[in-house]
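Subject: Structure for you to look at

Hello,

I am handing over a structure that is new to you. Please open it first, and then read the notes that follow.

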Amino acid sequence: MNIVIVGAGLMGRLVALDLHRKGHQITLLDRDTKQGKQSSAYAAAGLLTPLGEAFKAEPNIVAMGLAALQKWPALVASLDEPVFFQQQGALMVCHEQDKGDFLRQQRYLQQHYAEHPMHTLDRAGIEALEPELGRSFNLGLYLPEEGQIGNRRLLIALQKQLQRYGINWLEQSDVTSLCAKSGQVSYQRQEQQYSITADIIIDCRGVNAAETHNGLANSSLSTLRGVRGELFQLFAPEVNISRPIRLMHPRYQLYIAPKSKGFYVVGATEIESEDKGPMTVRSALELLSAAYSVHPGFAEAQIRQHVSALRPAFQDNQPKLIRNNKLIHVNGLFRHGFLIAPIIMEQTTALVEAMATSQISLATLPHNQFIQVQDCD
C-alpha cells in the first residue's frame with residue numbers, strides 16, 4: 001500500500017521502519033529536519049522503567065512497558081547503526097525526610113507487581129550497587145529488570161536505516177491539511193504548495209497534530225494537549241553512576257540517566273502548560289538542586305544543554321490509535337514514549353494490515369487490551 005506518515009519523531013520513524021519491512025511504500029513528511037531536534041523524543045532520557053512509573057501510571061502503561069522491554073533488544077539489533085541499550089536495573093532512593101512516601105510506593109509495587117524481582121537495600125546494599133551513592137542514602141529499592149536506551153542515538157540510527165531503505169523523506173515540509181476520506185495530504189515546502197494522495201495516512205505529529213484539527217466540532221483530537229517537560233544534559237566526568245537513579249520526592253520524581261563518557265541526563269519536570277519557551281529558573285533550581293542532593297559531584301558538572309518540549313497527552317493520559325476512514329492518528333504517548341513505543345508500533349502496523357485486507361477486527365489486534373483504539377467510521 002502507498003502510505004504517507006506525517007511526523008518523523010520516534011513513532012513516525014518506528015512505524016515507517018516496520019511498514020517498509022512489511023513491503024509497503026512509505027512517504028515520510030515532517031516540518032523538522034531529519035535530525036529531529038524539535039521532536040519530544042529528542043528532549044527525553046530514554047528510560048525503560050515501567051515499575052518506576054507504576055505509582056503514577058495506569059496499570060496498562062506498566063504492562064505495555066514490561067512487554068516493550070522484551071522487544072527493544074531485537075529492534076535495536078535489527079538496525080545497522082549502534083544504539084546504546086542497557087538493562088542492568090534501576091535504583092530508587094529517598095532522603096530520610098521522604099521515607100514515608102518511599103515506603104508507600106514500595107508497598108504499592110510489592111502488592112501489585114510481586115512477580116517481578118525487587119530488592120530493598122540499606123546503605124551497604126546501595127554502596128555495593130552504586131559505590132558513590134551509599135554516603136547519601138540509607139534506603140533504596142533495586143529493580144533489576146529496568147533499563148534505558150540512547151534516545152538520540154536511536155533517532156539517528158532510525159534516520160540512517162530509513163535512508164538506506166530509500167524511504168521518500170520530505171523534511172521541512174509543513175502539513176496544512178489532511179483529508180480522511182480521500183487520503184489527500186496538502187503541505188508546504190520551500191514556500192511552494194504540494195499535495196499527495198495515499199491509501200492510508202498515519203498522523204504521528206504529537207501535539208502539532210492539533211493544528212490542522214482545531215475548530216472541527218467532532219475532531220477526535222479535541223482533548224489533545226501539551227504537557228511541558230524540561231531536562232538537563234550534564235557533563236560530569238567525576239561522577240560515577242552506572243544505572244538510572246530515581247529520587248523519590250513528595251512533589252516531583254527526579255531521575256538521573258547515565259549515558260556514556262561522563263554524560264548524564266537529569267529530568268524531568270511535568271508541567272500543565274503549553275509554553276514552548278526555554279527552561280524556567282524554578283525548574284532549573286529544582287532539577288539541579290535535586291541532582292546535587294543525589295551526588296555532590298554534580299556541583300562541578302558542566303551544563304551542556306537544557307531543553308524543553310511538549311509531550312502530547314489526552315485527557316486521560318492514555319495513548320490512542322484513532323482510525324477515521326483512511327486516516328490513523330497515533331498520539332497521546334505522554335511521558336511514556338520510549339517506554340511503550342514498540343507496542344504502539346506493532347499496534348499501528350497490525351491496524352494497517354487489517355485495513356489493507358478489509359478484514360478489520362480491532363478486538364483481535366495483538367496487545368489490544370493495552371491501548372485504546374477508536375474507530376470513527
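Buried here means a relative accessible area under 20%. By that rule, the buried residues of α7 are Ser283, Ala284, Glu286, Leu287, Ala290, Ala291 and Val294. Please keep in mind that this is a predicted model.

Helices

What covers those buried residues of α7? The cover includes the strands β14 (225–235), β15 (245–248), β16 (254–258) and β17. Helix α7 itself has 14 residues and reaches 20 Å from its first C-alpha to its last, close to the 20 Å expected at 1.5 Å a residue.

Helix α8 (residues 337–356) has 20 residues. From first C-alpha to last, α8 spans 27 Å, close to the expected 28 Å. At Ile343, α8 bends by about 35 degrees. Of the 20 residues of α8, 17 are buried, so this helix is largely enclosed by the rest of the structure.

Salt bridges

How many salt bridges are there? The count comes to 16. One of them joins the side chains of Asp80 and Arg164, at 3.6 Å from N to O. Asp80 lies in the loop between α3 (59–77) and β4 (85–86) and Arg164 in helix α6 (residues 151–164), so this pair ties together parts that are 84 residues apart in sequence. Arg164 is partly exposed, at a relative accessible area of 45%.

Glu81 forms a salt bridge with Lys160, and their closest N and O atoms are 4.0 Å apart. Here too a loop is tied to a helix: Glu81 lies in the loop between α3 and β4 and Lys160 in α6, so parts 79 residues apart in sequence are brought together. Glu81 is buried, with a relative accessible area of 15%, whereas Lys160 counts as partly exposed at 33%.

Arg228 and Glu230 form another salt bridge, with the closest N and O atoms 2.9 Å apart. Both of these residues are buried. There is also a network of salt bridges, which links Glu53, Lys56, Arg246, Glu270 and Arg335.

Asp32 is a charged residue to check separately. Its place is in the loop between β2 (25–29) and β3 (47–48). Asp32 is buried yet has no salt bridge. Which side chain of opposite charge is nearest to Asp32, and how far away is it? That side chain is Arg13, 6.0 Å away. Leaving aside residues up to four places away in sequence, Asp32 touches Lys37, Gln38, Ser39, Glu171 and Gln172.

Aromatic pairs

A search of the whole structure finds four aromatic pairs. In one of them, the rings of Phe55 and Tyr108 have their centres 5.5 Å apart and their planes at 85 degrees, so the pair is edge-to-face. Phe55 lies in the loop between α2 (50–53) and α3 and Tyr108 in helix α4 (residues 99–112), so the pair ties together parts that are 53 residues apart in sequence. Phe55 is partly exposed, with a relative accessible area of 32%, and Tyr108 also counts as partly exposed, at 22%.

The rings of Tyr264 and Phe298 have centres 5.4 Å apart and planes at 90 degrees, so this pair is edge-to-face. The pair links distant parts of the chain, 34 residues apart: Tyr264 is in strand β17 (residues 263–267) and Phe298 in the loop between α7 (281–294) and β18 (302–313). Both Tyr264 and Phe298 are buried.

Backbone

Most residues other than glycine have a negative phi, and most peptide bonds are trans. A few places in this model are listed here with that in mind.

- The peptide bond from Gly267 to Ala268 is cis, with omega near -20 degrees. Ala268 is found in the loop between β17 and α7.
- Gln172 is not a glycine, yet has a positive phi of about 50 degrees. This residue, which is among those that Asp32 touches, sits in the loop between β9 (168–170) and β10 (174–178).
- Phe334 has a positive phi near 55 degrees, again in a residue other than glycine. Phe334 is placed in the loop between β20 (327–331) and α8, and is buried at a relative accessible area of 9%.

Regards

Technical notes
Residues are numbered from 1 along each chain as its sequence is written. This is a predicted model: local features need pLDDT of at least 70, side-chain atom pairs count only at pLDDT 80 or more; totals for chains, interfaces and linings use all residues. Side-chain values use heavy atoms; hydrogens and water are left out. Helices (H or I, at least four residues) and strands (E, at least two) are DSSP runs, numbered from the N terminus. Buried means under 20% relative accessible area, exposed over 50%, partly exposed in between (1.4 Å probe, protein chains only). The expected span of a helix is 1.5 Å times one less than its number of residues. The bend at a residue is the angle between axes fitted to the seven residues ending there and the seven starting there. Lys and Arg count as positive and Asp and Glu as negative; His and the chain ends are not counted. Contact means heavy atoms within 4.5 Å. Rings of Phe, Tyr and Trp (its six-membered ring) pair if their centres lie within 6.5 Å; planes under 30 degrees apart count as stacked, over 60 as edge-to-face and the rest as tilted.
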